[in-house]
Amino acid sequence: MAIKSKINRIGVLTSGGDAPGMNAAIRAVVRTAIFNGKEIYGFYQGYEGIVNKNFVPMQSHSVSKIISQGGTILKSSRFPEFKDRLVREKAYKNLRELGIDGLVVIGGDGSFRGADLLYKEYGLPIVGVPGTIDNDIYGTDFTIGFDTAINTAVQAIDKLRDTADSHNLAFFVEVMGRDAGFIALNTAIATGAEATLIPEIPTTIESLCEYLQFERRKNKTSGIIIVAEGGDLGSAMDIAAKVKERIPDYETRVTTLGHIQRGGSPTCNDRVLASVLGCEAVKALLEGRTAVMVGQMQNETVFTPFAEACSRHNEINTKWYDISHILSI
Ligand code: ADP
Ligand code: F6P
């Protein structure tokens, strides 16, 4: 049954760093809007597309066969100009001119900060969908893209382990996550890494060296040390150099996985999450919810005000950190 609502034309955009599954979310948003008899416009390159009136009216077939594609057909951008109130005013005027009366924003906490301002200043109904590989958004157990990113990282690290073993090397592998260690911790456990450095649990070079030299770990022929970006000790390159200074017989190599973690066909989990959240976002908008992010916690759909989703962070499970150490002996 279609939901009755005063909202007739919905806009959708993807913003911030892209994430595998964003296309599946766009598809769900478009199809749910059409199912409910609403029109749907896609804006290109995040908020920039609203300001530049770069958009496309979408039909059901506009999103055919994109569920398996990485990236985002609507493209994405970092558009810092949106922090300027006058730029947001222009965006709102454009939305009014186009008759958009509700918006779905697929992105990370930065994108929701912009959405929250747009709502507070102009009262435009907006619902957010968490799309980022970092998994750092409060109000959802998982963000869209995280599962694919960790699987990509695991595949890459397994390959590094092969060559590390053949040549008795210690690989320092830097993974993404901005300032959160979720990608690092999950990939560390899944690849049997010897050590994990995450921003949430600060350490020193001295204690890292002590840890690497400890008993059996010292006698291992190869080592994988996962370094989350954004930590106090610097990049994997910096850390490897400092370790080498202190343990000169350590044969070190450094690999930064980089943007490979943001690409590729989404996993089944990401496709399902994106489909559910995209659908729930449009339903919520039509039912009168606004300035909230839709998430999934313990298999239930939950709504978190933008202000809370932006100001809080998901906590790292420190027990998992301990487990990664226990299993690395
Ligand atoms: P993410 O959404 O993945 O966290 P960003 O932090 O780059 O990525 O935010 C995406 C976009 O959201 C920015 O490029 C900008 O257009 C908008 N944005 C971010 N922070 C704000 C803010 N404080 N005020 C207004 N717009 C913002
Ligand atoms: O938020 C996603 C993310 O890939 C982070 O993990 C990373 O810190 C950042 O974006 C990189 O952004 P950019 O591609 O703009 O340098």
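Q: How much space lies in the largest cavity?

A: About 100 Å³ of space lies in the largest cavity. This is a predicted model, in which local features need pLDDT of at least 70 and side-chain atom pairs count only at pLDDT 80 or more, while totals for chains, interfaces and linings use all residues. Residues are numbered from 1 along each chain as its sequence is written, ligands are numbered from 1 in the order in which they are written, and side-chain values use heavy atoms, with hydrogens and water left out.

Q: What makes a set of grid points a cavity?

A: On a 1 Å grid over the protein atoms alone, a cavity is a set of points where a 1.4 Å probe fits but cannot get out. Points are joined across faces, edges and corners, and the volume is the space filled by probe spheres set on them. By this rule the count comes to 1 cavity of 30 Å³ or more.

Q: Which residues that line the largest cavity are the closest to its centre?

A: The lining has 13 residues, and L197, I198, G231, D232 and L233 are the closest to the centre. A lining residue has an atom within 4 Å of a point. The lining divides into 9 nonpolar, 3 polar and 1 charged, where Ala, Val, Leu, Ile, Met, Phe, Trp, Tyr, Cys and Pro count as nonpolar, Asp, Glu, Lys and Arg as charged, and the others, Gly among them, as polar.

Q: Why is the pair of Y92 and Y122 called stacked?

A: Rings of Phe, Tyr and Trp (its six-membered ring) pair if their centres lie within 6.5 Å; planes under 30 degrees apart count as stacked, over 60 as edge-to-face and the rest as tilted. The centres of Y92 and Y122 are 4.4 Å apart and the planes stand at 10 degrees, so the pair is stacked. Y92 in helix α3 and Y122 in helix α4 are 30 residues apart, and the pair links distant parts of the chain. Helices here are DSSP runs (H or I, at least four residues), numbered from the N terminus.

Q: Which residues surround ligand 2?

A: The surrounding residues (one heavy atom within 4 Å) are R78, T132, I133, D134, M176, G177, R178, E229, H259 and R262. Polar side-chain atoms of D134 and R262 lie 2.7 Å and 2.8 Å, respectively, from an oxygen atom of ligand 2.

Notes: 1 Å grid on protein atoms, 1.4 Å probe; cavity = no way out; pocket = protein on both sides within 12 Å on 5 of 7 lines; lining within 4 Å. Helix = DSSP H or I, 4+ residues; strand = E, 2+ residues; numbered from the N terminus. Polar contact = N/O pair within 3.5 Å; in protein donor to acceptor, adjacent residues only side chain to side chain.
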